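Please read them with the structure open.

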Amino acid sequence: MSRRHKISLSEEELIAALGKREKIAAEALYDMYSASLFGVISRIVIDTATAEDVLQDTFVKIWNSFASYSADKGRLFTWMVNIARNLAIDKIRSKDFKNQNKNQELENNVTFIDEKRNTVYNPELLGIKDLVEKLKPEQKSILELVYFKGYTHVEAADELGIPLGTIKTRLRMAIVQLRKNFN
Amino acid sequence: MEEVKAYIESGILELYVLGDVTPAERLEVEAMAVKYTAVKDELAAIEKSLELYAKANEIAPADTQREIILNRLDYVLVNEQSYKNEAKVLPLVKPQSNFYKYAFAASLALLIASVIALLNVYGRLKETTNLVASLQNQNHEIASTVSLKDGEIEVLRDPSFKLLKLQGTQKSPAAAITVAWSPVKKKVWIDMATAKMPSNDKEHQYQLWALVAGKPVDLGVFDSDTTSKDMKEMKSITLADAFAVTLEKRGGSPTPSMDEMMVIGKF
């Protein structure tokens, strides 16, 4: 934890600085969101070196295509995590990645990751993590599939053998539960 | 409002936030969010909770990633790097501006020096031009003097010239003048260098006469000039028994005033 001082800006300040392509914007962006984005990427792309490649590509894409982000249409993180998720999915679906046979069995991924990596000890997140643990197992699995595995809800319905409508409802309920816990 | 509530509860907003919608559904959600505050608020809540969910599941990348990623981004505007670059450029700019300052001062000094030099040279050129003009005049005078002297020398060398010294009359016993006459060349000269004629006033001039068979013939007028070293050529004549000089009114008279005879000489 005795690392350099991290730069943190408000979302408005960060968006303004990103628009001006200032270096401090890149530093703040990295300090504020790299761990969250890497958490998502790492659960889709298991191999650490490959996940790091995807993380780098994610920041480059965020930086270079920032002009296409519109604060009117949603939060900055929502836009960024979708870029990260899409790049990670593209990676594991690419031919050369499949040939390397580095993808894991889906069911074990999230647990596997959490066992493999020592996630950073962060007291601020203790409460949040506890709340996540309070999700029902069925809510947790659907969230993990669509959020951390990059499944579409159609793919998730297929994977879990559940009707589309039920998947949608269950996903909504999972997020409603999160909101209750976070708020 | 029932319609809005059903829309929210359909779960489409969650899928929208996850990016799991068709382009048509996306436009629909965005239109609904503009239209209904409830939809907009619901979307904001979903986004915020999923962001926190990601945070709860965060994994810090290796420390080396920060440097790698920051180096892969290009910074277009103000950042530390560009400040450093500007600082490096400054010393290059300064001597340049000083150079032009000094160059201008040097040019100005050179211009002033040039003007002074030019004025100097112009002054000297003027002096020289004057000198050349006066030398030309002198040269001209010398040339004419030389040609005159040549004429005099010719007179003295020419054996056809006869020299006759006219002596002063009773009126002016001290007066005298030498006449050189060549009957062959029909030329008459008077020698001003040896002439001893009293000075004449402005109304009067001396007139030289030749006496031919007792009759006076006008040979021209002259002034007394004690400074002249020249010989003066008079009118020509082929025959003469005697020469005489009278003082006449300026310009000469048709006949000599005998009582004003100054000098006379006979062959």
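1. Helix α2(A) is mostly covered, with 17 of its 22 residues buried. This is a predicted model, and the points below should be read with that in mind. The helix takes in residues 23-44 of chain A, and from first C-alpha to last it reaches 29 Å, close to the 32 Å expected at 1.5 Å a residue.

2. Which residues of the largest nonpolar core touch the most other members? They are A:Leu37, A:Ile41 and A:Val146, in a core of 63 residues. α2(A) supplies the largest share of this core, twelve residues. In general, nonpolar side chains tend to be buried together in soluble globular proteins. Leaving aside residues up to four places away in sequence, A:Leu37 touches A:Leu55, A:Thr58, A:Met80, A:Val81 and A:Ala84. Another core, of 29 residues, lies apart from the largest one; its members include B:Val155, B:Ile190, B:Leu208 and B:Phe222.

3. For chain A overall, the secondary structure comes to ten helices and zero strands. Of its 183 residues, 34% count as buried. Among the contacts in chain A with a separation of 6 or more, 61% are between residues 24 or more positions apart.

4. A:Leu87 is a case of such a contact and is worth checking by eye. The residue lies in helix α4 of chain A, residues 76-93. Why does A:Leu87 count as buried? It counts as buried because it has 21 C-beta neighbours inside 10 Å, and the cut-off is 20 or more. Not counting residues up to four places away in sequence, A:Leu87 touches A:Val54, A:Asp57, A:Thr58 and A:Lys61. A:Val54 is 33 residues from A:Leu87 along the chain, yet their C-alpha atoms are separated by 6.5 Å.

5. Between the chains, 40 residues of chain B are in contact with 46 residues of chain A. On the chain B side, the elements that give two or more residues are α2 (12-17), α4 (37-56), α5 (64-72) and α6 (80-157). The largest share of that side, twelve residues, comes from α4(B). By class, the side of chain B that touches chain A has 22 nonpolar, eight polar and ten charged residues.

6. B:Pro61 is one residue to look at where the chains meet. It sits in the loop between α4 and α5 of chain B. Is B:Pro61 buried or exposed? B:Pro61 counts as buried, because 24 C-beta neighbours lie inside 10 Å. Setting aside residues up to four places away in sequence, B:Pro61 touches A:Ser34, A:Phe38, A:Glu52 and A:Leu55. Of these, A:Leu55 is also touched by A:Leu37.

7. Chain B also has a strand pair to inspect. Strands β4 (residues 204-212) and β5 (residues 215-222) of chain B run antiparallel and are joined by six bridges. B:Ala210 has B:Val217 in β5(B) as its bridge partner. The hairpin of β4(B) and β5(B) has two residues between the strands, and B:Ala213 there takes a positive phi near 50 degrees. B:Leu208 and B:Phe222, named above, are among the members of the core of 29 residues.

Notes: Residues numbered from 1 in each chain as written. Chains lettered and ligands numbered in written order. Predicted model: local features only at pLDDT ≥ 70, side-chain atom pairs only at ≥ 80, totals over all residues. Contact = placed C-beta atoms within 7 Å. Helix = DSSP H or I, 4+ residues; strand = E, 2+ residues; numbered from the N terminus. Nonpolar A, V, L, I, M, F, W, Y, C, P; charged D, E, K, R; others polar. Expected span 1.5 Å × (residues − 1). Buried ≥ 20, exposed ≤ 12 C-beta atoms within 10 Å, placed from the backbone. Core = buried A, V, L, I, M, F, W, Y, C linked by C-beta atoms within 7 Å. Pairing = 2+ DSSP bridges.
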